[in-house]
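Subject: Structure handover

Hello,

Here is the structure for you to look through. My notes on what was found follow below it.

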Amino acid sequence: QEQVVESGGGLAQPGESLSLSCVASAGIYNIDVMGWYRQAPGKQRELVATITNDDEINYLHRVKGRFTISRDSAKNTVFLQMRSLKLEDTAVYYCYVLGYEGTWHRDYWGQGTQVTVSS
């Protein structure tokens, strides 16, 4: 029943790579923003990367040069390629979508996928 679903989380060692993907329901249209947030235990949820319908991209400073966000608009899908992973990247990663369902403009959140970076 979920309208936004993430996949691709898992375990990686420092310096390795992981890729995440998120698919939004076809019922969500005119999407303005897709992106990723993350939350580690005891910490506040923070923006990792977002991409707008005009391909404007915003990254958390600590992931610049390591993470790449992209999207496939035809498939309502957003990706996050994570390279050179660090221990501090360990968190639950949540997909975020800002779009329309019917006449309503609203936020959508995925259930989250765990990313663990450990040596």
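Arg-38 and Glu-46 form a salt bridge, with their closest N and O atoms 2.9 Å apart. The term salt bridge stands for a side-chain nitrogen of Lys or Arg within 4 Å of a carboxyl oxygen of Asp or Glu. This is a predicted model, in which local features need pLDDT of at least 70 and side-chain atom pairs count only at pLDDT 80 or more, while totals for chains, interfaces and linings use all residues. Residues are numbered from 1 along each chain as its sequence is written, and side-chain values use heavy atoms, leaving out hydrogens and water.

How exposed are the two partners? Arg-38 is buried, at 3% relative accessibility. Glu-46 is partly exposed, at 22%. Here buried means under 20% relative accessible area, exposed means over 50%, and partly exposed lies in between (1.4 Å probe, protein chains only).

Glu-46 also meets Arg-62 in a salt bridge, at 2.7 Å from N to O. This pair links distant parts of the chain. Arg-62 sits in the loop between β6 (57-59) and β7, and Glu-46 sits in strand β5, 16 residues apart. Strands and helices here are DSSP runs numbered from the N terminus (strands: E, at least two residues; helices: H or I, at least four). Arg-62 is partly exposed, at 46% relative accessibility.

Next comes the salt bridge of Arg-71 and Asp-55, at 2.9 Å from N to O. Arg-71 is in strand β7, and Asp-55 is in the loop between β5 and β6. They too are 16 residues apart. Arg-71 is partly exposed, at 24%. Shared partners join Arg-38, Glu-46, Arg-62, Arg-66 and Asp-89 into one network of salt bridges. The count of salt bridges comes to six.

Now the disulfide (a pair of cysteine sulfur atoms within 2.5 Å). The structure holds one. Cys-22 and Cys-95 form it, with their sulfur atoms 2.0 Å apart. The link is left-handed, with -85 degrees about the S-S bond. Cys-22 is buried, at 0% relative accessible area. Cys-95 is buried as well, at 0%.

Strand β9 deserves a look. Eight of its 11 residues are buried. Which strands does β9 pair with? Pairing means that DSSP finds at least two bridges between two strands. β9 pairs with β4 in the antiparallel sense over eight bridges. There, Arg-38 stands opposite Tyr-93 in β9. β9 also pairs with β11, antiparallel, over three bridges. Ala-91 stands opposite Val-115 in β11. With strand β10 (residues 104-109), β9 pairs in the antiparallel sense over six bridges. Glu-101 stands opposite Trp-104 in β10. β9 and β10 form a hairpin with two residues between them. Gly-102, in the turn, has a positive phi of about 65 degrees.

Last, the core. A nonpolar core is a set of buried Ala, Val, Leu, Ile, Met, Phe, Trp, Tyr and Cys residues joined through side-chain atoms within 4.5 Å. The largest one has 29 residues. Trp-36, Leu-80, Met-82, Tyr-93 and Val-97 have the most contacts inside it. Elements giving two or more residues to this core include β4 (29-39), β8 (77-82) and β9 (91-101).

Best wishes
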